[in-house]
Every structure is written in C-alpha cells, then in structure tokens.
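Open the model in a viewer and follow the selections in order. Each stop names what to select and what is found there.

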Amino acid sequence: MILPLLKLGTLALKTLSKPVANRLKRQAGYHPRFRQFIVSIAQANHRISTRMQRNIYSHATDVEIRPLDEEKAVQAAVDLIGELFVFTVAGALLILEVQRSSRSEAKKEGVRRQEMQAMKQKDEDLAKEVELLRNKLEELEQLAKRQGLSGIFKFKHANTEGEKLAKPA
C-alpha cells in the first residue's frame, strides 16, 4: 500500500519541480549580479562544449570561440539552472528510493537470519536428543549383556504376562 503512494509522491514531486525550475529561470534574468554570474557561467559552458565538439569531430581547435551574446547566454544559463534543479530533485528521489529499498532488504535479511538461527537451534536440540537416545540404547544393550539371555527372557516374559493380563479383561 505504501509503495504505490511513495512512487506517486515522487512522480508528483518531479512534476512540480518543473514549474519551480521555470520560475527560477524567469527570476534569474532580473537580478543584475546574478545575471552577470550566470552569463559568465554560460560563456564558460559554451567554451567548454564548443572545444569538446571540435575535439570530437576533429575540427580546427585553434580557431577563436566567439562568445554568446548576453541574451543567449542568460537563456542558456537559466535553461542549465532549470535542468540542474530538475535533475537534482530526480537524483535526490532516486537516492531516497535506493535507501528505502536497502532498508527493506536489510529487514528481510534480518528475518532470514533469525529463521536460520532458529533452524540451527532446532537442529542442535534434535542432535542432543538423538545423542541422549543413543546413550539410553547403549545402557540398555549393556544391561542386557550383563544379565545375559535370562535378562532378555525376563524382559520378554514380563511383556507376555502383561499381554496375558490384558487379554482376559
């Protein structure tokens, strides 16, 4: 019951994080200091991605990389911020789900260990009982050997008398 509700909650949180990311995008462009900060981040991201693309496609790497104009840089930065926010929320939810799953598995493992311990204890108890029965059997065999055949006959005679007494009744 709780698992479907938890999954539904994580899906709702992911869905709700997208409008929050869009709001962050809109607000990011209005504050001058923050705007300058994100423009510098966007320009650095543009330079790194352009160099990587040039290296991957074996294009000339010594050509100067033109910076983005300010509006494109702001748009790229706020898109990056929005995506980072959504991925951070999704990553946090994934980590929480893994932790929940590992706690569940740890509980199951604990139950298995307890069951295994109970089975071992039962096995030990049965082994002790078998050993006790062996000892009693040995004692009976030694007693029978000491008394010889007459001990066996007496034992049988006692049983047959008990049977004779039981028949007339």
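A residue counts as buried under 20% relative accessible area, as exposed over 50%, and as partly exposed in between. This cut-off is used at several stops below. The model is predicted.

Start with a cartoon of the whole chain. The protein has three helices and zero strands, in the order α-α-α along the sequence. Of its 169 residues, 13% are buried.

Next, select Glu-70 and Arg-35. Their side chains form a salt bridge, with an N to O distance of 3.1 Å. The pair joins distant parts of the chain, since Glu-70 belongs to helix H3 and Arg-35 to helix H2, 35 residues apart. Arg-35, at 17%, counts as buried. Helix H2 itself covers residues 32-56.

Arg-100 is partly exposed, at 27%.

Then select Arg-112 and Glu-109, a salt bridge at 2.9 Å. Arg-112 is partly exposed at 43%, and Glu-109 is partly exposed at 31%. The protein has seven salt bridges by count.

Finish at Asp-123, Glu-124, Asp-125 and Glu-129, which form a patch of negative charge on the surface. Glu-129 sits in helix H3, residues 70-166, and is partly exposed at 47%.

Notes. Residues numbered from 1 in each chain as written. Predicted model: local features only at pLDDT ≥ 70, side-chain atom pairs only at ≥ 80, totals over all residues. Heavy atoms only, no water. Patch = residues over 30% accessible without salt bridge, like charges linked within 9 Å, V, L, I, M, F, W, Y side chains within 5 Å. Areas by Shrake-Rupley, 256 points an atom, 1.4 Å probe, with all protein chains shown as cover. Salt bridge = Lys/Arg side-chain N within 4 Å of Asp/Glu carboxyl O. Lys, Arg positive; Asp, Glu negative; His and termini not counted. Charge placed at Lys NZ, Arg CZ, Asp CG, Glu CD. Helix = DSSP H or I, 4+ residues; strand = E, 2+ residues; numbered from the N terminus. Buried < 20%, exposed > 50% of the residue type's maximum accessible area, 1.4 Å probe, protein only.
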